[in-house]
Amino acid sequence: MATPILYSYFRSSCSWRVRIALYLKEIEFEYRAVHMLKDGGEQFTESYKSLNPMCEVPTLVIDGHTLIQSMSIIEYLDETKGPPYLLPRDAPLKKQQVRAIANCIACDIQPVQNLRVLKYVGEKKLEWGKYWIEQGFKGLEKMLEKYSGKYCVGDEVTMADLCLVPQVFNANRFKVDLSPFPNISRIEAALGELEAFKRAAPFVQPDCPPELKTS
């Protein structure tokens, strides 16, 4: 079986989620960088468009298939690659809670900080990003008060946690004050202690600029 290939950008939230999933499931893969800024964005090249017509990352080539969209990739891995399961098994309500938190981040909060959105917003992009993260975190914090244990939903790592960590990173980039969000901060800190999350972090990726890299 061919080694899976992940097309990724070191600071992409969506790529980051999939990297965490791959490391949690101990799936070896080849990392191929797609520089989102170089020469107008390598995601717009014809060769990459042939893999991902949305011109986004990540793209995962696995099992003879070319997969796009981080959330559906994670669900595919969960259904085909076995434990640890990122969506609860035989627990419909808990699975709904995981998906609800994950989608609040992946569908409501994160997309308004996408590179193409920020380029369109222009000079006020920092103010824009900060405002929408704060608004989203207000609701997310309330959800975590209800559903969280050690992690976002109970005491096991789920797909919701894979979404949370990159979003907290973005919040820090946009200088969001996290003190009103103790559950978000607590869970992110706990996840940061896990090896898979450390390996997936942006500043240890092959395409991270040398001046940002951590060992």
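Predicted model: local features only at pLDDT ≥ 70, side-chain atom pairs only at ≥ 80, totals over all residues.
View A. For context, most peptide bonds are trans. The element names come from DSSP runs, numbered from the N terminus: helices are H or I with at least four residues, strands are E with at least two.

**View B. Strand β1 beside strand β2.** Strand β1 (residues 5-8) and strand β2 (residues 30-33) run parallel, joined by 4 bridges. Strands pair if DSSP finds at least two bridges between them. I5 stands opposite E30 in β2. From β1 the chain goes through helix α1 (residues 13-24) to β2, a right-handed β-α-β crossover. Right-handed here says that, with the strands pointing away from the viewer, the path from the first strand over the helix to the second runs clockwise.

**View C. Helix α4 packed on helix α7.** Helix α4 (residues 92-109) meets helix α7 (residues 159-173) at an angle of about 35°, and their axes are 8 Å apart. Those axes are lines fitted to C-alpha atoms over the stretch in contact, with angles from 0 to 180 degrees between N-to-C directions. The crossing of α4 and α7 is left-handed (the near helix is turned anticlockwise from the far one by less than a right angle). On the α4 side you'll find V98, R99, I101, A102, I105, A106 and I109, which meet M159, A160, C163, L164 and Q167 in α7; contact means heavy atoms within 4.5 Å. By class, this contact has 10 nonpolar, 1 polar and 1 charged residues. In that count, Ala, Val, Leu, Ile, Met, Phe, Trp, Tyr, Cys and Pro are nonpolar, Asp, Glu, Lys and Arg are charged, and the others, Gly among them, are polar.

**View D. N170 in helix α7.** Is N170 buried or exposed? N170 is buried, with a relative accessible area of 5% (buried is under 20%, exposed over 50%, partly exposed in between, using a 1.4 Å probe and protein chains only). Leaving aside residues up to four places away in sequence, N170 touches S13, Q110, Q113 and I133.

**View E. Positive phi at Q69 and K175.** Most residues other than glycine have a negative phi. Q69 has phi near 75° and lies in the loop between β4 (65-68) and α3. Q69 is partly exposed, at 42% relative accessibility. K175 has phi near 60°, in the loop between α7 and α8 (182-191), and is exposed at 67%.

**View F. P111 in the loop between α4 and α5 (115-121).** P111 is partly exposed, at 23% relative accessibility. Not counting residues up to four places away in sequence, P111 touches I105, A106 and V117. The C-alpha atoms of P111 and V61 are separated by 23 Å, with the two residues 50 apart along the chain.

Methods:
Residues numbered from 1 in each chain as written. Heavy atoms only, no water.
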